[in-house]
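Trainee: I would like to go through this model and ask what each label rests on.
Mentor: Go ahead, one label at a time.

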Amino acid sequence: MTAMTKPKTDDARAVVNAPALSPAAIVKPAMISVEESKAMDVARMTDLFKAHLNPGQLHFMKLLGFHKIKIETAEGMFYVDQNGRRILDFFGGFGSLALGHNHKRIIAAREKFQDEKRHEIAIAFMSQYAAALAHNLAQIAPGDLDMVFLGSSGSEAMEAAIKIAERAAGPKRPKVVYAENSFHGKTKGVLAITDGQLYRGEFKLTDNTVRVPFGDIDAIERAFKSDPEIGAIVLETIQGGGGIVQAPAEFWQKLRALCDQYGVLWVADEVQCGVGRSGRFFAFEHYGVVPDVTAVAKSLGGGKSAMAAMIAKRDVYMKAYGTPKTAMIHAAATFGGIGEASITAIETLHVLYDEGLIENAAVTGDYLLNRLQALQAKYPKIIKDVRGKGFMIGLEFHDFSQTLPMVLRPVVSMLDDKLKGSLSGFVGALLLRDYDVLVAFTEYNRNVIRLLPPLICQREHADRLVDAMDSLLGRGIVAIVKDFVKSQVK
Ligand SMILES: Cc1ncc(COP(=O)(O)O)c(C=O)c1O
């Protein structure tokens with residue numbers, strides 16, 4: 001069967017053409033069962049991915065060697081593939097696996113919830129689980145960040161964040177400041193403040209936005225001063241897609257003061273850096289300041305469920321949705337606060353503290369950062385910078401687009417124009433192939449390897465990553481690029 005065919009049973013075709021449909025004539029379409037999906041081989045999986053999910057994405061998977069792998073199970077820091085190979089996970093589901101894969105307490109909580117046949121959908125009746133999760137998040141959040149909206153993705157939480165800010169700021173102040181190289185999600189509203197041409201494409205987005213360089217307090221002050229229509233500023237506390245970029249503590253303190261002075265609401269996007277990843281629950285806690293609105297997602301779901309939250313200060317909430325007339329503008333979507341996802345998030349928050357994972361992110365993250373900085377000192381011509389906080393670390397390579405040997409340049413650019421000169425793709429592919437280590441990349445800076453391991457990561461895992469990187473870089477750039485090219489033409 002080719003990827004593009006869509007086989008249907010003869011019966012199913014007959015039903016489509018039938019003039020009148022009797023209930024007895026409803027025939028089950030040819031569908032794959034759960035057990036068959038588990039047993040599917042790589043070739044069939046690839047065919048179906050191409051036919052029904054994203055044929056273009058396969059190109060990138062091939063470049064990185066991901067296309068040969070079928071994950072069978074996953075536990076703790078490791079994926080296990082169809083050949084029993086254990087892959088050390090420093091990709092961490094782009095930061096959604098704080099507890100590692102299939103944490104025992106999460107599985108147990110979910111199994112119990114299922115066995116007890118608890119209710120899930122929280123639309124008609126209130127949910128004790130959603131209420132408890134909102135309470136717990138308010139307990140964790142500093143200051144009067146007390147009002148919680150539950151959704152299913154980071155984008156949805158960020159949509160809720162910009163909506164509440166816009167309503168609280170009022171109709172005379174609809175403009176939103178955002179940063180260069182920001183990433184806030186791919187849904188249509190937040191695309192307007194996501195700074196990637198690739199994602200924005202030709203979509204028609206709202207133009208009530210003002211773009212400033214990340215971390216440039218003077219540019220922000222100029223914007224606030226010159227444009228009284230600005231009502232909110234949205235910033236990732238640590239930029240993820242931009243290449244793990246931080247601003248100094250004094251930037252955040254001045255930002256808080258400026259927002260207070262001009263009456264602008266500060267929205268902190270903590271979707272990637274939050275839930276303990278930076279070594280504090282919220283990354284803004286490092287700077288002793290509190291935003292007006294924030295959002296978390298990813299690891300909040302414990303690696304097993306889709307859960308996201310927007311958290312706002314009570315006065316911001318009351319201005320936006322505080323009356324019976326306005327309340328329903330904001331009520332959760334169908335799956336907001338769904339039962340099993342809520343109890344998964346409740347248990348996740350408990351595990352984070354019970355197992356000291358936030359502290360581990362700070363301590364072992366620091367150890368990893370130091371080891372990578374030593375690697376940079378060993379390979380200063382290859383590694384340009386190592387930076388980050390906790391388990392949110394970026395390793396930036398020098399740009400080799402102009403320094404690769406002439407013979408390699410056309411071959412490399414033929415393989416993929418975007419990877420040209422970006423050692424991170426080559427290193428990532430070979431780390432996986434030769435050392436069984438998985439790393440991630442960043443949206444906008446192709447020279448950066450992004451490390452977002454589970455917060456259960458121990459020194460031995462950090463050592464394995466750094467030793468693998470050391471061994472690989474020791475081969476030299478030309479050998480790495482040649483090896484990569486060879487693996488692609490095979
Ligand atoms: C900072 C930030 N905001 C928002 C999002 C969107 O989250 P999601 O992919 O869950 O919609 C992401 C996702 O990577 C993110 O990193």
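Mentor: Start with a definition: a residue is buried if 20 or more other C-beta atoms lie within 10 Å of its own, and exposed if 12 or fewer do. Keep in mind that this is a predicted model.

Trainee: Which residues of helix 7 are buried?
Mentor: Tyr129, Ala130, Leu133, Ala134 and Leu137 are the buried ones in helix 7. They cover an arc of only 135° around the axis, which puts them on the same side of helix 7.

Trainee: What covers the buried residues of helix 7?
Mentor: The cover includes strand 4 (145–151), strand 10 (308–313) and helix 15 (339–354).

Trainee: How do you know that the span of helix 7 agrees with its 13 residues?
Mentor: At 1.5 Å a residue, residues 128–140 should span 18 Å. The end C-alpha atoms of helix 7 are 18 Å apart, so the two values agree.

Trainee: Why does glycine 170 count as exposed?
Mentor: The cut-off for exposed is 12 or fewer. Glycine 170 has 12 C-beta neighbours inside 10 Å, so glycine 170 counts as exposed. Glycine 170 lies in the loop between helix 8 and strand 5 (175–179).

Trainee: What makes up the shell around the ligand?
Mentor: The shell divides into five nonpolar, seven polar and two charged residues. Helix 8 (residues 154–169) gives the largest share, three residues. Of the 14 residues around the ligand, those that come nearest are Gly154, Ser155, Gly185, Val271 and Gln272.

Key
Residues are numbered from 1 along each chain as its sequence is written. This is a predicted model: local features need pLDDT of at least 70, side-chain atom pairs count only at pLDDT 80 or more; totals for chains, interfaces and linings use all residues. Helices (H or I, at least four residues) and strands (E, at least two) are DSSP runs, numbered from the N terminus. The expected span of a helix is 1.5 Å times one less than its number of residues. The arc is that of the directions from the helix axis to the C-beta atoms. Two residues are in contact if their C-beta atoms, placed from the backbone, lie within 7 Å. A residue is near a molecule or strand if its C-beta atom, placed from the backbone, lies within 6 Å of it. Ala, Val, Leu, Ile, Met, Phe, Trp, Tyr, Cys and Pro count as nonpolar, Asp, Glu, Lys and Arg as charged, and the others, Gly among them, as polar.
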